[in-house]
Amino acid sequence: MLKKLLIAVLCAANAFAFALETSRIRLVHDGKGGVKLENLQPETDWRHASIQWRMTIGPDGAPAVVSMTPESGDAGELRLTGRTGKVLWRITLRPKGTMIEAVSELTNLTGRELWIEPEINATALPAAFGCFWDGFAGLREIKQQSIVRKGIKGEQERHVGASNMPFPVAAAAAAKGGVFLGGVPFDPFSYAAAGYDPKEQKLSYSIRLVAAPGETIGFRMTAGAAITAYGLQENIIQQYYESYPECWEVVQGQDNPYVWGNHAHYLNWWSQPCAERSRRLGITIEWSYCPYKRSGDMLIRDELWDYQQKNPFRDRVIRFGGIQTSFTDSKNNNIDEFRKLRQDRFRELGRKYGWMFYNTTAGTWCEIQLAQEKYPDSITHDKSVMYILNSWSTAHDQEIRVFPMGTSFAKVFEEDMTILAKELDLPGFALDCAYGGAFYRGPAVEKQLPGRAWDEEGKFIDQSVAINHQIDFIRGINQKPDRKLTTFINGYLKGDYVMAEASYLDTGKYNRWMPLLRWYIGPRPGCVHGHGYLFNQVAPDWRNQKPEYFQELMPKLSDYIIFSQLRYGLTTSYLTMYGTPQQVYVIPEILELMRAGWQVEIPMITEPGMRIPFSARYGRGVDSYFFLGNSGNQPVNGMIGFDNTALNEQGWTILFNRKMRDFAQIDNLLESNFTRINTELPSRVPVIYEAAAAIKKPTATLSCRVKTTRTLHSVRHELAWTGNDAFSSPLLLRQLRGFKLREVRVDGKSVAMSGGQTVPVRIADGTRVEIEYASETFHVPAEVITAFPFTDNGGKVSFKVMVPAGAAQEKTLAERFQTYFTFCRDRKIIVADSPEPVIEEVSAFNPAAGTVSLMIGGGTLPGTGNVPDGVSVSTHGGLVVKAATTAEADAMLTALFNVMDQRYEYVFPFSWVMGLHREVLVHFGMFNKAFPYQRYFEAKQ
Amino acid sequence: MMRYLMTGALLTLTLSSCVRTVDCGLAHSSTSGTPSIVLSNRYLQAETVPAALGGVAGLRWLPGNLEMMIPFKYSVETHDLIPDRPSATVGGKILIWGRQNLMAQPMTVTGTSSNPEKCGVEFVNPYYQGTSWRLERRIELERDTAALVIEMTVINTAAEPATVTLWENLVAQLDAEKMDAVIIPVRGQIHKVGSRGVQFFPEDTLFIDDAGVKTQVIFTAPARNWIARRNPKTNLILALRTNMDDLLPQGLFYVWKQMGGVIHSMEIIFSPIELAPGKSKDYRLEYMVFAGLTDLKEICGDIGINCEAGSGTLDFQMTAARKIAAQSVTISLINDTSGTKIAAGSHPLSVLMSGITDEFSLPLPTLPPGQYHISGEFDDGAIFTLLSPKVKIR
């Protein structure tokens, strides 16, 4: 975040100087061609570095410094121009968050194609710099030799057939801080290099580009200063999250109906979806795998349907939400029937269950004969990675890698997606293997496509550039904001919901993938997708064990999964939830934190000796959360401190409380730049601290007790100040999703608010601040809802749903009550002979006891004008659900049902799932049974 | 013309062996921080690790001091909430097809034996790979033999009949810097084995999967009971052999290669077998080394055969993984269409043993036009027919 921007133009003799400043760094041009970085952070071991721009004309040229001439820039910008005989390089420097961004335009001035490598470097760095970061997971020690990371190919991922990719930075640091240079994640580049030369004390970052005659290519570079207090890499990436939040933005933001929940993991694709099961398990999205016959022909063209397979390797079955079809017999192998089935099922269920259409592995694999016959220009002939796919994706025939940008295949691919999105009314696409590391060198590389690079083998474009391009394309298919298509990716590229394709218990993969994969995922939501408990691998000798073993082991594994979800900000699925209701219990907290956005840097200090193996941080500023997980057997107690300077750039000091569903209180000691609290971490209980509010703290140490009382329809923070001298500060207040800030009182007197904060208020010893929120949905406490006579004493449904006569939408939504209680009846939550709730069309509003009145659009019935939108109870005891739109009413019912679950609780028992086979459950006598769970987010248990 | 060739490294050893051979030996050791058992004879040193499936973590060709297994790594990850997670990278191991396999499940050592003629180790795990299959594994090395023998018995300990598909996952390398080629005897005209599609070949042949073949994963239907690897750097063939009966009807050869790297597996997926409760099935594998061959076309008994159809000659190399007494071999050509057998000549073989390669050439007889398979018969009655090369007369 930009703290201060300064552009000074100092005329002195023939020179003039510019300075750009962020809260952490200042970039100064001395007017004579020299550019310096100045580190503004107080605790650091370097102060100055010189910035140079160099250019290599490839493939055989040597790097040459490009002299940059300053030009007058707009406010907040510094423009430089450099020229060699072959290129014109214009750079616009501007503050971007905490960094300096260099936006370049490079023009080829020659009449021939140029292979170029522009570079930014920082020289005159301190000799004390001892470690170098090349963008991959580890740090490297700086010794006497130069260190260079060339290119972007990392470790190969065997299943995916591509490789991981470094974060686009180069950094070097000493004990307290360092300097970094880099690019912008997801920008289109196919080659980047990061290096450190200890002899010249020079850090460098470069990318390679191919410029056609006269072509101007734009690209971005960055420079910044980092601190190491909470990890060098973490600090740098955190700065990227804060300076480039747009890189990790999700389409439709917080209102996206698919990404802020759990992944169905084929539950709603292979089998008939169940609305109630999905709701209770928090499922909002599904990976709809290969809903077509031939890879590369998503649309299913008549002329491509019947063909001779080259190398069939497995019989192929597709289940469209439980309805199965295949291509192996003449009965099913009918193109019209297949098309109709697909369209019908997607139109009926696609948006309801978030069916993301699997788009032929992000457009990177195509059935081999199809590619060779129709799209030969599109084949990616990179033999250093998997080239021919012989065991998936369709399992129907061999596939070959293709390039989905600027090729004949890309054209068809994009057309297909556009048509399918409309015809099937898709909610979005699933992009598998969203990885880079496969270089396309085919004919399309001659086109002026983004991301062209070069190496000793010639010109190429990395697959990652094309996939990111496709994600942009998908996002542009539907223009209306609430219809924009969602992208569900497996990998580390752009996208809205990210899958890590491994169970949390596949620790080997997590050791290999993390933290790099997590850094790329950033604050985006996501999930894991693997074989759940991997029980045979985790406990291979289980057959030797008695039931006590299972009783001890499984809750631990479940806790490990809960802790892992919170550590990584990624969700789990039913595969591990069945039988372990603790995982269902924590869904609201896990999703709330995921919505707040996982952050990489955890600015927390702990008392010496405290062992906290699991920790994470979410959100920022007054929306911050910290998770602490003690996986040991014994409680861990001690003082911890949250560093406010790392949590926000505006100087706020944040007050925290334990996140509980009903009540919590904790003493905050505001000392220096830290909020310190005495924490108690019980064994295997996730402890979450969340911000309550923030103040502008005076120098003195302060003490404040934060009490939070939370109900379904209200949140109330009470800040009790003790033992401090009087001071004045505004209060920064949270915007709680689903709540509106109703009032802030200081010592009982209401104070004015504006822009999410109060006017400055006087706080002295004994001052009591009350902050009150009211739910936007619920106007009654949960107890009123759970006491509502949905069922009678005999366990039979005993209420009616009243909808306005002729109101189709209300009637459809009212059927959700029937679905709810059918689920309850089928699961024996209510008696087997219970009737369904009756839906009655009425022409007058009569919210009598034992009725639920459902209305959309406000005031559709006489006498309802004053009924607030939301869930309320009439004076006669009738429940009223009123919403402005169908979507809001639908969401309201989901929220209402979540409350009703407290009364009609269903514990999903152990059942045979991937990773936990029936024989295990039978062996331990746990089939169809479940473990108890602990309501550890409730003070009143 | 007959030539006896001895590889240089073996010359001294062989000469000295005229008067004295080297006893087998067994030693307890450790590798990558975990205990191991080392078997050795004059040719091979095999290191097996109980903690890693009783797998073959090392296989060293002693005359050339060549390690033929990928580097072994073993580690144990510890967490508060989950059992210790050992992991291993081990070259030769038996897995169960269709499951997510552990690479570091411990095997209990139930016995070792060591005498001058033979040394060996026996392992067992009652629930191999977390299944109801008990696996007994015996690894043996005989005196003066360039073959490591692995015998296994699987026993169904479940109460119900069950089907198991054992899978020998062998990841070896003859050169750490350049990918080996894998020699796969494939059955032609096969699209599918069981429910799995396989690479199609028009006829039975030897398929060479090398770095130039850009398919990363290849399944094939086996035409022989062996799969092998070669590398021009070593003049050595490492073959994996089993019983043909265990490859039929639904066994597979499987290879996986690291694109751009050197790792190239050669694997056998045995035919699935259903066993009643308490019933067992025995398997046998051999890791065979044929020193002095530049290529392998067939294994007949313990004799490795290489053959090139030169201009007017048939050029053979023969050596053995176990000592074979001197005998003659008669070579014939069999017309593919008519089945007519035409003699090409006989050759008196020397005593064959590891390191002694008998190279000889026979002139091609006058043949009518057609395609011919090359066939041979040893005095001891063993016969062979090569899948490749074939002689084509126009």
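Here is a short note on one strand, one interface and a few salt bridges in this predicted model.

1. **How to read it.** Residues are numbered from 1 along each chain as its sequence is written, and chains are lettered from A in the order in which they are written. In this predicted model, local features need pLDDT of at least 70 and side-chain atom pairs count only at pLDDT 80 or more, while totals for chains, interfaces and linings use all residues; side-chain values use heavy atoms, without hydrogens and water.

2. **A well-covered strand.** Let's start with β5 of chain A, residues 48–58, where nine of the 11 residues are buried (under 20% relative accessible area with a 1.4 Å probe and protein chains only; exposed is over 50%, partly exposed in between). Strands here are DSSP runs of E with at least two residues, numbered from the N terminus.

3. **Its partners.** Two strands pair if DSSP finds at least two bridges between them. β5(A) runs antiparallel to β11 (residues 114–123) of chain A, with nine bridges, and pairs in the antiparallel sense with β4 (residues 35–39) over four bridges. β6 (residues 64–65) of chain A is also antiparallel to β5(A), joined by two bridges, and a hairpin of five residues leads from β5(A) to β6(A). Look at A:Arg54: it stands opposite A:Glu119 in β11(A) and opposite A:Val65 in β6(A).

4. **Where the chains meet.** In chain B, 35 residues are in contact with 39 residues of chain A (heavy atoms within 4.5 Å). About 3,300 Å² is buried between the two chains, with carbon and sulfur atoms giving 49%; this is the accessible area (1.4 Å probe) that two parts lose on being put together, summed over both.

5. **One salt bridge across.** How many salt bridges link chain B and chain A? The count is one: A:Arg611 with B:Asp80, whose closest N and O atoms are 2.9 Å apart. A salt bridge needs a side-chain nitrogen of Lys or Arg within 4 Å of a carboxyl oxygen of Asp or Glu.

6. **Salt bridges elsewhere.** Over all chains, the search finds 93 salt bridges. In one of them, B:Arg143 meets B:Glu117 at 3.4 Å. B:Arg143 sits in the loop between β12 and β13 of chain B and B:Glu117 in the loop between β10 and β11, so the pair ties together parts 26 residues apart in sequence. Another joins A:Arg745 and A:Glu743 at 2.6 Å, N to O; A:Arg745 is buried at 15% relative accessibility, whereas A:Glu743 is partly exposed at 24%. Both belong to a network of salt bridges with shared partners, which also includes A:Arg716 and A:Glu772.
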